[in-house]
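Reader: I would like to go through this structure by question and answer. Please give cut-offs as the terms come up.

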Amino acid sequence: MKILKEDWEKDVVYLYQFKRNPYIPNLSPFCMKVELFLRANNIPHQVIENNKARSTKGQLPFIELNGKQIADSEFIIYELSEKFNIQNTLSSEKSGSLRALTRVFDIEVSRLMSYYKIKTEEFPRAFMSVTDLPKFTYPIIIPLVRRMVKKSIKKSGYNHSDSELKEVLVRDLKAASDILRSNKFFGGEKMAIADCAVFGQLASVYFIPWETEAHGILRTDFPNLINYIENVAAIYFSEFPCGQNGKHIIAQERPDDIPNCPSLESVEYYNYDPDGYCNC
Amino acid sequence: MKILKEDWEKDVVYLYQFKRNPYIPNLSPFCMKVELFLRANNIPHQVIENNKARSTKGQLPFIELNGKQIADSEFIVYELSEKFNIQNTLSSEKSGSLRAITRVFDVEVSTLLSYYKVKSAEFVRGFLPGVGIPKFLLPIIVPLAQWFVKRSIKKSGYNHSDSELKEILVRDLKAASDILGSDKFFGGEKMAFADCAVFGQLASVYFIPWETEAHEILRTDFPNLIKYIENIAAIYFADFPCGQNEKKKIEF
């Protein structure tokens, strides 16, 4: 397995993930899960934006640590917890609930959210903001991607009607809401792995300005989960808009079509193409 | 959608599942999940053994109730809870934990245990006649089934090494074990959905006499889960061996 970062520093985690976008730390819920875990636990790390890199399992995110690649957020987090001696001080019943909730979000909620993301014609445009594809390809690429993702969700065991899929999602979100109750984090006063998993999935849809049915479900039935992710974003990802930019949709048009985005002035991490992105 | 049971009685659940086998209520964890739910909640029902029937979603189990089909154990148990007014008296935090562990068992543990079942050729050879495969076809079907199921597991997001798959399973079993604690049932004194889901998955492997690595994991790390399923089997499925026949390998 070839290590990409050859001049690595000892005990520094190199996190490979998709390029930054104008809205949230990463369009991938699993990239956000890992980055949040690193930040919440003060693990020395460096983010390397790379749309093309893939792990030995064919995925992003992956990390390199001390010359070794670790793939898949599940294994990344457990290995880092061990390596950096991150203690679990929760009761065993609480640990059990949080482990179960983490997997529900990693496996089921992720698929259901993906379904809602590609159901609308507009949300997939958010994904285009991190590619270098020219605009004329969107009418071809977007419907293709939507069809592929829908098909793979139906084939992975979710061959249900829209109302059935919604039932399943609502029950799973309710589980999260019930476990969180009025706590600050799922881990109580401290962030747990479940916080990273839940935040990743919910932020990857809610803070994106193009509406999906998932936005409606969260607003109507789970305002406490919205408060929760806004709180986590404010603490750990305050340099990203995460919904704070008044949901300006950053146009891919020529400059005269772009609305003002004053709140993005302070954000300097984008590799903006000045001809294609927000000019403010 | 064609109803199979035409002379149905009002408010009686007709449960379609794979034919009975010599060991456990059903070789399918989801069939056991539903049957256990019906028994635990005293819902009037009739089991209809049928290896060939499939729901509109292409699965077993499914039920027919008052002339309507309900498919998929997730929707079956929720609709029946509503229809038969089965109350959830647990705290919201406990309800949340149990909902989460139910889905982990339905979606992830089911896949991982399938992997261990299919890995053992002995298990597959014992299992297939129970779902209607004629014996003379076994030498061809067994390796085919192994290849096919293994491939579909790897493609469904579990493209991991054997030791990684084991790590995940152990963490999920530990979650169940931690949530159960020293309680009689996941639902405390009363059976909850989570009990049906967990029992279904674990019983579908543990009480079968053909060894798999999953048997080992349970014996070594989770003897409390073994006690748990033995207890439920004794209460709700006393009419089945469930491991009580000293692991005699009975031919179908």
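Author: Accessible areas come from the Shrake-Rupley method with a 1.4 Å probe, and for residues only the protein chains shown count as cover. This is a predicted model, where local features need pLDDT of at least 70, side-chain atom pairs count only at pLDDT 80 or more, and totals for chains, interfaces and linings use all residues. Residues are numbered from 1 along each chain as its sequence is written, chains are lettered from A and ligands numbered from 1 in the order in which they are written, and side-chain values use heavy atoms, with hydrogens and water left out.

Reader: What share of the accessible surface of chain A belongs to carbon and sulfur atoms?

Author: The accessible surface of chain A comes to about 12500 Å². The part of that surface on carbon and sulfur atoms is 50%.

Reader: What percentage of the residues of chain A count as buried?

Author: Buried means under 20% relative accessible area, exposed means over 50%, and partly exposed is in between (1.4 Å probe, protein chains only). Chain A has 280 residues, and the buried share of them is 55%.

Reader: In what order do the elements of chain A run from the N terminus?

Author: Helices (H or I, at least four residues) and strands (E, at least two) are DSSP runs, numbered from the N terminus. Chain A has nine helices and four strands. From the N terminus on, the order is β-α-β-β-β-α-α-α-α-α-α-α-α.

Reader: Which residues touch the most other members of the largest nonpolar core?

Author: A nonpolar core is a set of buried Ala, Val, Leu, Ile, Met, Phe, Trp, Tyr and Cys residues joined through side-chain atoms within 4.5 Å. In soluble globular proteins, nonpolar side chains tend to be buried together. The largest core here has 144 residues, and those that touch the most other members are A:Phe105, A:Phe186, A:Phe199, B:Phe105 and B:Phe199.

Reader: Which residues is A:Phe186 in contact with, leaving aside its neighbours within four places in sequence?

Author: Contact means heavy atoms within 4.5 Å. With those neighbours left aside, the partners of A:Phe186 are A:Lys94, A:Leu98, A:Leu101, A:Ala176, A:Ile179, A:Leu180, A:Ala194, A:Asp195, A:Val198 and A:Tyr228.

Reader: How much area do chain B and chain A bury between them?

Author: Buried area is the accessible area (1.4 Å probe) that two parts lose on being put together, summed over both. The contact takes 31 residues from chain B and 32 residues from chain A. Of the area buried, 54% is on carbon and sulfur atoms, and the total is about 2700 Å².

Reader: Which residue's side chain makes a polar contact with the side chain of B:Glu164?

Author: A polar contact is a pair of N or O atoms within 3.5 Å; within protein, one must be able to donate a hydrogen and the other to accept it, and residues adjacent in sequence count only if both atoms are side-chain atoms. B:Glu164 lies in helix H6 (residues 162–180) of chain B and is buried at 18% relative accessible area. At 2.6 Å, its side-chain partner is A:Lys57.

Reader: Why are B:Arg171 and B:Glu167 separated by about one helical turn?

Author: Their side chains meet in a salt bridge of 2.4 Å, N to O. B:Arg171 is buried at 15% relative accessible area, whereas B:Glu167 is partly exposed at 35%. The separation is about one helical turn because, in helix H6 of chain B, the two are four residues apart.

Reader: How many residues apart are B:Lys119 and B:Glu213?

Author: These two form a salt bridge, with the closest N and O atoms 2.6 Å apart. B:Lys119 is partly exposed at 27% relative accessibility, and B:Glu213 is partly exposed at 38%. B:Lys119 is in helix H3 of chain B and B:Glu213 in helix H8 (residues 213–221), so the pair links distant parts of the chain, at a separation of 94 residues.

Methods:
A salt bridge is a side-chain nitrogen of Lys or Arg within 4 Å of a carboxyl oxygen of Asp or Glu.
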